[in-house]
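Dear colleague,

Please find below the structure that I am handing over to you. My notes on what was found in it follow directly after.

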Amino acid sequence: MSTRPTLGRRQAATARREQLLIEFERSGLSAAEFVRQQGLTYTTFCGWRKRWERTKSLPSFVQVEVASEPAPEELVIELGALARVRVQTENQMDLAARLLERLNRRGAC
């Protein structure tokens, strides 16, 4: 009998890792705090994050020119599979810019 995981078990493990990484990104915790709470090994978790980062694109600022008249009704910012942000007012634009700045500052483990 083979000790190698079946495809179904590997897919389940991959899905669980992805769910943990999404939870981590939403948590606002440091990697060390998150692994402690989840009972994970720090170095293993860092490896998961590095592989995860290679498979998805990080949000970043892109220069956009918007005509002054008429003003757009809303701006939608896609954050990969994680989220979509709808911006409808100038105040929300400032918050969205701060969010993207913070996401760009998050480093690897």
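The protein chain exposes about 8,700 Å², and carbon and sulfur atoms supply 52% of that area. Please bear in mind that this is a predicted model. Of the 109 residues in the protein chain, 17% count as buried.

As to secondary structure, the protein chain has 4 helices and 2 strands. Read from the N terminus, these elements follow the order α-α-α-β-β-α. Among contacts between residues at least 6 apart in sequence, 41% join residues at least 24 apart.

I turn next to the interior. In soluble globular proteins, nonpolar side chains tend to be buried together. The largest nonpolar core here has 11 residues: Leu20, Leu21, Ile22, Phe24, Leu29, Ala31, Phe34, Val35, Phe45, Trp48 and Trp52. At least two residues of this core come from each of helix H1 (7–27), helix H2 (31–38) and helix H3 (42–55). H1 provides the largest share, with 4 residues. Val35, a member of this core, touches Leu40, Thr41, Tyr42 and Phe45 when residues up to four places away in sequence are not counted. There is also a second, separate core of 5 residues, including Leu79, Val87, Ala96 and Leu100.

The aromatic residues deserve a separate paragraph. The count of aromatic pairs comes to 4. In one of them, the ring centres of Phe24 and Phe34 are 5.4 Å apart and the planes stand at 65°; because this angle is over 60 degrees, the pair is classed as edge-to-face. Phe24 belongs to helix H1 and Phe34 to helix H2, so this pair ties together parts that are 10 residues apart in sequence. Both partners are buried: Phe24 has a relative accessibility of 2%, and Phe34 one of 3%.

Phe34 also pairs with Phe45. Their ring centres lie 5.5 Å apart with the planes at 35°, so this pair is tilted. The pair links distant parts of the chain, with Phe34 in helix H2 and Phe45 in helix H3, 11 residues apart. Phe45 has 0% relative accessibility and therefore counts as buried, the cut-off being under 20%.

Which residues make up the aromatic cluster? Phe24, Phe34, Phe45 and Trp48 form it together. These four residues are also listed in the 11-residue core described above.

With kind regards

Note on methods: Residues numbered from 1 in each chain as written. Predicted model: local features only at pLDDT ≥ 70, side-chain atom pairs only at ≥ 80, totals over all residues. Heavy atoms only, no water. Buried < 20%, exposed > 50% of the residue type's maximum accessible area, 1.4 Å probe, protein only. Contact = heavy atoms within 4.5 Å. Areas by Shrake-Rupley, 256 points an atom, 1.4 Å probe, with all protein chains shown as cover. Core = buried A, V, L, I, M, F, W, Y, C linked by side-chain atoms within 4.5 Å. Phe/Tyr/Trp six-rings, centres within 6.5 Å; stacked < 30°, edge-to-face > 60°.
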